[in-house]
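User: Hi! I'd like to learn how to read the strands and sheets of a protein model. Could you walk me through this one?

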Amino acid sequence: MKKGIIFLVLVVLLVGILLAGCGEPPVSQAKFQQFQTKTEGQFTAQGARIGEAERVVKTIPDMAKDITTIKNDRDTDKAVQLVQDQLKAEKADRQSDALKAQLDALKAKDAELEKDIAEIENELKDINQSPQYPPSYPPSYQSQIFRAEVYNGENFDQYIGSFQESTIDHDWGSGGPAGLTDYFSVRWESISPDIWFESGNYQFKVRVDDGVRLYLDGQLIIDKWLTHAATTYQVERYLSQGYHNIRLEYFERAGQAVIRLSWQLKS
Ligand SMILES: [Ca+2]
């Protein structure tokens with residue numbers, strides 16, 4: 001009997017357990033439709049996402065293109081910058097070249113000036129070294145060949161002044177040089193380099209009132225230091241080719257005053 005009860009309890013427990021295992025009630029039609037709707041919504045959403053993804057994927061080539069463009073732009077910017085830098089460098093070079101050219105020009109001018117200066121210095125040296133007239137070459141002309149010194153008194157007593165002239169040829173009448181009348185003296189001398197003569201025999205002629213002394217190369221060749229009316233004196237001398245010094249001294253006491261010097265080649 002006891003065993004029967006235990007068996008019964010066990011059976012009851014077993015049935016309870018079995019019943020508990022199949023506790024869920026069967027799914028209703030409404031719930032199934034609800035589930036179906038939800039699932040379909042999820043599919044749709046997923047489809048939209050896929051579509052979006054596909055669209056994004058489609059834009060990738062465009063994006064790649066954009067990236068290339070940007071890259072190209074960057075490259076262009078770089079290229080522009082490079083060109084600008086080059087231009088700047090070239091401008092700087094050009095400026096530098098221009099300055100260099102200016103400097104070179106100045107240096108060249110400086111060298112030219114130095115050359116000119118050297119030439120002038122050489123010319124000056126030549127001029128200083130050579131005589132004013134080369135001895136073998138007669139001057140083309142001498143406008144003033146005598147310097148005359150005028151004195152008060154018959155013996156060069158008081159210096160009054162001087163003048164220059166190319167010939168000695170005066171007839172002062174009762175007057176004289178520098179406003180003087182009577183009692184004066186005059187000394188003429190050829191100015192360096194003196195007077196050019198071709199070689200030959202020359203006749204020197206003096207007409208004088210009153211006294212005269214004529215020197216040729218320092219040698220007294222006419223000596224008439226006396227008072228008298230106008231008188232002509234002459235003397236012949238041989239001269240070598242070249243420059244010769246002539247000095248003429250003259251005095252006047254009173255009355256008429258005449259002095260004239262000339263020369264000519266005789267042979
Ligand atoms: Ca006289």
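This is a predicted model: local features need pLDDT of at least 70, side-chain atom pairs count only at pLDDT 80 or more; totals for chains, interfaces and linings use all residues.

Analyst: Happy to! Residues are numbered from 1 along each chain as its sequence is written.

User: Which two strands form a hairpin with two residues between them?

Analyst: Those are S7 and S8, and aspartate 217 in their turn has a positive phi of about 50°. Strand S7 (residues 211-216) and strand S8 (residues 219-224) run antiparallel and are joined by five bridges. For example, arginine 213 has aspartate 223 in S8 as its bridge partner.

User: What is the order of the six strands in the open sheet?

Analyst: The order is S2-S1-S4-S11-S7-S8, with antiparallel pairing. Strand S2 (158-165) and S8 are at the edges with a single partner strand each, so one side of each lacks a neighbour in the sheet. Neighbouring strands here are turned by 15° against each other on average, direction ignored; for such angles, axes are lines fitted to C-alpha atoms, and values run from 0 to 180 degrees between N-to-C directions. Inside the sheet, S7 also pairs with S11 in the antiparallel sense, over six bridges.

User: And the sheet of four strands: which ones are at its edges?

Analyst: That open sheet has the order S3-S12-S6-S9, again with antiparallel pairing. Its edge strands are strand S3 (169-173) and strand S9 (231-239), each pairing on one side only. Strand S6 (residues 200-209) and strand S12 (residues 257-265) share eight bridges, and aspartate 209 stands opposite valine 258 in S12.

User: Which residues touch the most other members of the largest nonpolar core?

Analyst: A nonpolar core is a set of buried Ala, Val, Leu, Ile, Met, Phe, Trp, Tyr and Cys residues joined through C-beta atoms within 7 Å, where buried means 20 or more other C-beta atoms within 10 Å of a residue's own. This core has 19 residues, and those touching the most other members are Val186, Val206, Val208, Val212, Leu214, Leu248 and Tyr250. Among the elements giving two or more residues to the core are S6, S7 and S12.

User: What does tyrosine 250 touch?

Analyst: Not counting residues up to four places away in sequence, its contacts (C-beta atoms within 7 Å) are Ser185, Val186, Val208, Gly211, Val212 and Ile259. Tyrosine 250 in S11 is also the bridge partner of valine 212.

Technical notes:
Two strands pair if DSSP finds at least two bridges between them. A residue is buried if 20 or more other C-beta atoms lie within 10 Å of its own, exposed if 12 or fewer, and partly exposed in between; C-beta atoms are placed from the backbone. Two residues are in contact if their C-beta atoms, placed from the backbone, lie within 7 Å.
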